[in-house]
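Here is a short briefing to keep beside you while you look through the model. Take it topic by topic, with the structure open.

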Amino acid sequence: MSTSGEGATAPPPVARGLEGIVAAATQIAEVDGREGRLTLRGYDIRELVGRAEFEEVAYLLWHGKLPSAAEYDSLRAEMSAASRLPEPALAALRALAPHASGMHVLRMAASMLSLGDADVDSLDVPSNQRRAARLQAQMPALVAHTWRLKNGEEIVQPKPEHGLAQGFLYMLEGEEPEPARVDALNAYLVAVAEHGLNASTFTGRVVASTNSDMVSALTAAIGALKGPAHGGVPGPVLKMLETIGVPDRTEAFIRAEMEQGRRIMGFGHRVYKVRDPRAEILGEAAERMAERTGDRRLLDLTRSVEETTVRVLAELKPGRELYANVELYAALILHAVGVPSDLFTPIFAIGRTAGWTAHMVEQYSDNRLFRPASVYVGPKGLQWQPRTERT
């Protein structure tokens, strides 16, 4: 080991942000940043979006296989029965909603999902697979109910015949949503359901590794997702698109943002060095919706913004490999579905709950406490001084 000065030993290198550190072996997802590929339990994400219902993909993540017809029906029945929140939780939401919104209220609300669960501290894998389905069923209610209460409207209870995407829109708006909107939201939820050991998933696994309960781990994951460096970007992407307005203004806007040192929303990714595959599949979902609705304005603008921005970024930041990420087309699809931009990140949390809870189940099944080391780089050898002598 190299030394610096007489008898001094150089500190070991620090992987800031755990860059390049392999912290877990998983069977849930593979994220290939060089090839631009996302695989869930062996299925390329392109095989699932537009074909599978979100509940099918959640089952795949929890159980390692797509459900049979009987297993799918059983899961739907189980989630339908769990989708109504217990009365103490509803009372708490009514008290909380006037005072908080967005991810703040979702974080507080999620922590209440242990109410009524007599077995909540169980580490048994089948118990937590069932718990994952219950939590997944209840997350849309948390988001929809708090939004309505925040806006002075009464809660709309879920209908048992609704799937998750349809049920969320119904609870949010109080009327049956059009099939095109349901299909687009379902495609979005499938696309964002799981993405490897990202910051929020890692947070959830760390909490689970302490043998804490799944609800605590879910609440921690939501807290990590709240940060704009991780999950809080689709809203600003929509604002950027609205500011640009028409394709001809894109280049001037991007160059001005770059001159000011500001990040271009919806571009660049910590892992992907090519176009994010989720951007591709959400763009295709937006095309399908545009064909059904006849409204292409925002879709055409987004595609033009992507093309221009990639070209300008390649010129101004050569070698940085900055391409469209999932948030660019997530903003487009969620806006097309008609949900408020303040709910973009909470809706992301609804979809990602499937992946979070799958990772928690996997952690419980073969657990070892996460306990990384740190390197002390502060002062040494300080001597005590009475208060009266300190400067």
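**Rings and charges**

The charged end of Arg390 sits over the ring of Trp384, 4.6 Å from its centre; a charge counts as over a ring if NZ of Lys or CZ of Arg is within 6 Å of the ring centre and within 35 degrees of the ring normal. Please bear in mind that this is a predicted model, where local features need pLDDT of at least 70, side-chain atom pairs count only at pLDDT 80 or more, and totals for chains, interfaces and linings use all residues. Residues are numbered from 1 along each chain as its sequence is written, and side-chain values use heavy atoms, with hydrogens and water left out.

- The structure holds one aromatic pair (rings of Phe, Tyr and Trp, the last by its six-membered ring, with centres within 6.5 Å; planes under 30 degrees apart are stacked, over 60 edge-to-face, the rest tilted).
- The ring centres of Phe202 and Phe370 are 5.3 Å apart and their planes stand at 80 degrees, so this pair is edge-to-face.
- Phe202 belongs to helix H9 and Phe370 to the segment after H16, so the pair ties together parts 168 residues apart in sequence.

**Pockets**

- On a 1 Å grid over the protein atoms alone, a pocket is an open set of points with protein on both sides within 12 Å along at least five of seven lines, a cavity is a set where a 1.4 Å probe fits but cannot get out, and lining residues have an atom within 4 Å of a point.
- The largest pocket holds about 1,600 Å³ of space, where a volume is the space filled by probe spheres set on the points, and grid points are joined across faces, edges and corners.
- Its lining has 47 residues, and the closest to the centre are Leu197, Asn198, His269, Arg270 and Val271.
- Strand E1 (29–32) and helices H9 (199–209), H15 (326–337) and H16 (344–365) each supply at least two residues of that lining; helices (H or I, at least four residues) and strands (E, at least two) are DSSP runs, numbered from the N terminus.
- The second largest pocket has a volume of about 440 Å³.
- Gly102, Ser341, Asp342, Leu343 and Pro346 are the closest to its centre among 22 lining residues.
- Helix H5 gives the most to the lining of this second largest pocket, with five residues.

**Cavities**

- There are two cavities of 30 Å³ or more.
- The largest cavity holds about 170 Å³ of space.
- Of its 15 lining residues, Met79, Ser83, His162, Gly163 and Leu164 are the closest to the centre.
- H3 (69–82), H6 and H7 (164–173) are the helices that give two or more residues to this lining, and H7 gives the most, with four.
- The second largest cavity has a volume of about 30 Å³, and the residues lining it include Gly268, His269 and Tyr272.

- Eight of the ten residues of helix H2 (residues 54–63) are buried, so H2 is largely enclosed by the rest of the structure (buried means under 20% relative accessible area, exposed over 50%, partly exposed in between, with a 1.4 Å probe and protein chains only).
- Among the buried residues of H2 are Phe54, Glu55, Tyr59 and Trp62.
- Three strands form an open sheet in the order E1-E2-E3, with antiparallel pairing; two strands pair if DSSP finds at least two bridges between them.
- E1 and E3 (43–44) are the edge strands, each pairing on one side only.
- E2 (residues 37–40) and E3 pair over two bridges in the antiparallel sense, and Thr39 stands opposite Asp44 in E3.
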